[in-house]
Amino acid sequence: MASSASPTRVKICGLSTEATLTAALEAGADWIGLVHFPRSPRHVSLAQAAALAARARGRAERVVLLVDPDDALLAAAVEAADPDLIQLHGSESPERVAAIRARTGRPVMKAIGVATSTDLAAMPAYVAVADRILLDAKAPPDAALPGGNGRRFDWEILRGAALPAGTMLSGGLDAGNVADALARTGIGAVDVSSGVETAPGVKDPARIAAFVAAARGGR
């Protein structure tokens, strides 16, 4: 686990406008996330992703979020956004994660949905092939989206768990609870999307700034 003296690293995901991207950069976000998944209210086209990623170059790491991408989409997304990290948020197998990492030559973060402690059993196989693990609240069975549902899981599940360095926490985080989440889990990186929105897909600059400040003050 990361040292408690290390500043928390923060990812703002689902950015879709220049104004909110600027807000995330000015707040000091370490990663900015661009979602390319048409069913998501945070979806951006590859052209939009390219423009936003270009503005963030050198100021934050650019993450492109894909859900079960085929090879053609992978190639197009990498060409457009030139991501520093590819986030896989679907049902990709460990073998597919390894193949994507090899094919693209980019670091890969695999999201794992968590509802109970048994969900952590999937983690070692992904740790072996991914550069980072994102622990997110498992979507309910009837959910249209694999993430970004504003749900959280019981962080006590992670108490005493052997988490790899670089593990990121997501799911239902906001400025009001992120410090508690960090204190309970010892995780050194957090990811937020719906927790800095006023409506699905509508990011709020003030909430972005408040979240980053709360996360950085919480360890």
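**Notebook: Arg106, a helix pair and other sites**

I began with Arg106, which I found in the loop between helix H4 (94-104) and strand S5 (108-114). I note at the outset that I am working from a predicted model, and I read every distance below with that in mind.

Leaving aside neighbours within four places in sequence, I listed the residues in contact with Arg106 and got Val78, Asp82, Pro83, Ile86, Arg101 and Asp131.

**Entry on the whole chain**

I then stepped back to the protein chain, for which I counted seven helices and 10 strands. Along its principal axes the C-alpha trace spans about 40 × 40 × 35 Å. Does the radius of gyration agree or disagree with that of a compact globule? For 219 residues such a globule would have a radius of gyration near 17 Å, and the chain has 16 Å, so I recorded agreement.

Buried residues make up 47% of the 219 residues. Of the contacts with a separation of 6 or more, 57% are between residues 24 or more positions apart. The chain exposes about 9,000 Å², and carbon and sulfur atoms supply 53% of that area.

**Entry on H2 and H3**

Which residues of helix H2 meet helix H3? I noted Leu46, Ala49, Ala50 and Ala53 on the H2 side, which meet Leu73, Ala76, Ala77, Ala80 and Ala81 in H3. Sorted by class, this contact has nine nonpolar residues, with no polar and no charged ones. Two packed helices are described by the angle between their axes and the distance between the axes. For H2 (residues 46-56) and H3 (residues 71-81), I wrote down an angle of about 35 degrees and axes 8 Å apart.

**Entry on Asp191**

Not counting residues up to four places away in sequence, Asp191 touches Lys11, Cys13, Gln87, Leu134, Met168, Leu169, Ser170, Gly171 and Leu173. With Lys11, the side chain of Asp191 makes a polar contact of 3.1 Å.

**Entry on Thr8**

Thr8 lies in the segment before strand S1 (9-12). With a relative accessible area of 1%, Thr8 is also on my list as buried. What does the side chain of Thr8 reach? I found the backbone oxygen of Ala215, at 3.2 Å.

**Entry on Arg159**

My last stop was Arg159, in the loop between strand S6 (132-137) and strand S7 (168-169). Its relative accessible area is 54%, which is over the 50% cut-off, and therefore I recorded Arg159 as exposed.

The side chain of Arg159 makes a polar contact with the side chain of Glu156, at 2.8 Å. I also looked up Arg159 against Gly186, which is 27 residues apart from it in sequence, and the C-alpha to C-alpha distance in space came out as 8.5 Å.

Conventions:
Residues numbered from 1 in each chain as written. Predicted model: local features only at pLDDT ≥ 70, side-chain atom pairs only at ≥ 80, totals over all residues. Heavy atoms only, no water. Axes fitted to C-alpha atoms, helices over the stretch in contact; angles between N-to-C directions. Helix = DSSP H or I, 4+ residues; strand = E, 2+ residues; numbered from the N terminus. Contact = heavy atoms within 4.5 Å. Nonpolar A, V, L, I, M, F, W, Y, C, P; charged D, E, K, R; others polar. Rg over C-alpha atoms; globule rule 2.2 N^0.38 Å. Buried < 20%, exposed > 50% of the residue type's maximum accessible area, 1.4 Å probe, protein only. Areas by Shrake-Rupley, 256 points an atom, 1.4 Å probe, with all protein chains shown as cover. Polar contact = N/O pair within 3.5 Å; in protein donor to acceptor, adjacent residues only side chain to side chain.
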